Amino acid sequence: MTDELERRLRAGDAAAFELERFSRALSQRAADAGLLDVAYGSLDSPLGRLTVMVTPRGLVRLSYPGEGVNDQLDEVATRISPRILRAPQRTDAVRRQLDDYFSGRRRTFDVPIDWRLVRGFAGAVLQATARIPFGSVSTYRDVASEAGSANAYRAAGNALGSNPVPIVVPCHRVLHAGGGLGGYTGGLDRKRYLLRLEGALVD
Amino acid sequence: MHLPPFASLVEAHAAELHRFLARLVGPADAEDCLQETFMSALRAYPRLRHGDHLRAWLYTIAQRKATDALRRRGRQPTRDLGGVEPATSGEPPAVDDGLWRAVRALPAKQRTAVLHRFALDLAYAEIGERMGISEEAARQNVRAGMRRLRKEVSVHDR
């Protein structure tokens, strides 16, 4: 039974709604109230669309396309906080530095890093990796040794493979002792691209 | 225990909650109510025991925010506004304003049931589930609400 009244109820009263504008306002309010634990935004780079996640402590996750943004957000929700909102404006500092890096205007990153996704030995490995300068390379064995255990180069490899903030913590600068490229989360093509960008790989 | 990122709730449900709220409180106040809804939800979110029925949970909060807004509006003095109702002041005149005023004046359960049935096009079973009442009770609330609306609207319209 459809009558005039039902038709009008279905039609509703027109109210425009823009999700993007709404979430921007919401994330601003949430941040002001101290309720935004993780903010994220994306950045188009020569290596594809990167997703940047920041907390009040700093950069917590940087991911390549193909790593599955939703899985990453899920992981961050479980391990840090589910209070996550899209808030590109809060990732501006990191995105600007990445832009500068890719266009050759920047060699070091000076954004604070939130290490909460990293545990134990992996943390020591990544901190050692963070000290490898732009344009140079190191080996799995050397970063393991820097991290306090020269024999744990396999564990070091695993730690680098699960680096939550690639590029900024330059795990691409770690190679096999024999000169082989080793592995890379974002794929070896990206590792080569970054090493060439830094002048550490010439071919 | 796993809760999805809050952003996914906003993305999946903001638009439909906005439609729902626009029908409850009018288009001018819908966005404010929606902000309030998500702020309350965000505040409570990490304390939830599980991630089931999140959509229903959001609707419950939205309904509560709408009721608050309508109550606040009811308390506002109207004489300063020269006889213009606060509910519609500053808004472009809605085509079906009489109807929506009548909808907003329905008892809460009837209003929610009617809106879920027609504005959101849900089946009675789903309405019942969302309101935490039986399917039959949902049907009765819709019927009672519609009876009342027919009477109200025919009086206003003629």
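This is a predicted model: local features need pLDDT of at least 70, side-chain atom pairs count only at pLDDT 80 or more; totals for chains, interfaces and linings use all residues.
Q: Is the crossing left-handed or right-handed?
A: The crossing of α5(B) and α6(B) is right-handed.

Q: Which residues make the contact?
A: From α5(B), they are Lys109(B), Thr112(B), Ala113(B), His116(B) and Arg117(B). On the α6(B) side you'll find Tyr124(B), Ile127(B), Arg130(B) and Met131(B).

Q: How do those divide into nonpolar, polar and charged?
A: Four residues of this contact are nonpolar, two are polar and three are charged.

Q: New topic: what is the phi of Ile167(A)?
A: Its phi is positive, about 70°, and Ile167(A) is not a glycine. For background, most residues other than glycine have a negative phi.

Q: Where is Ile167(A), then?
A: Look in the loop of chain A that runs between α7 (153-161) and β6 (174-175).

Q: Buried or exposed?
A: Ile167(A) is buried, because its relative accessible area is 1%, and the limit for buried is under 20%.

Q: What about phi in His53(B)?
A: His53(B) isn't a glycine either, and its phi is positive, near 55°. This residue belongs to the loop between α2 (27-44) and α3 (54-75) of chain B.

Q: Is that one buried or exposed?
A: His53(B) has a relative accessibility of 57%, so it counts as exposed.

Technical notes
Residues are numbered from 1 along each chain as its sequence is written. Chains are lettered from A and ligands numbered from 1 in the order in which they are written. Side-chain values use heavy atoms; hydrogens and water are left out. A crossing is left-handed if the near helix is turned anticlockwise from the far one by less than a right angle, and right-handed if clockwise. Helices (H or I, at least four residues) and strands (E, at least two) are DSSP runs, numbered from the N terminus. Contact means heavy atoms within 4.5 Å. Ala, Val, Leu, Ile, Met, Phe, Trp, Tyr, Cys and Pro count as nonpolar, Asp, Glu, Lys and Arg as charged, and the others, Gly among them, as polar. Buried means under 20% relative accessible area, exposed over 50%, partly exposed in between (1.4 Å probe, protein chains only).
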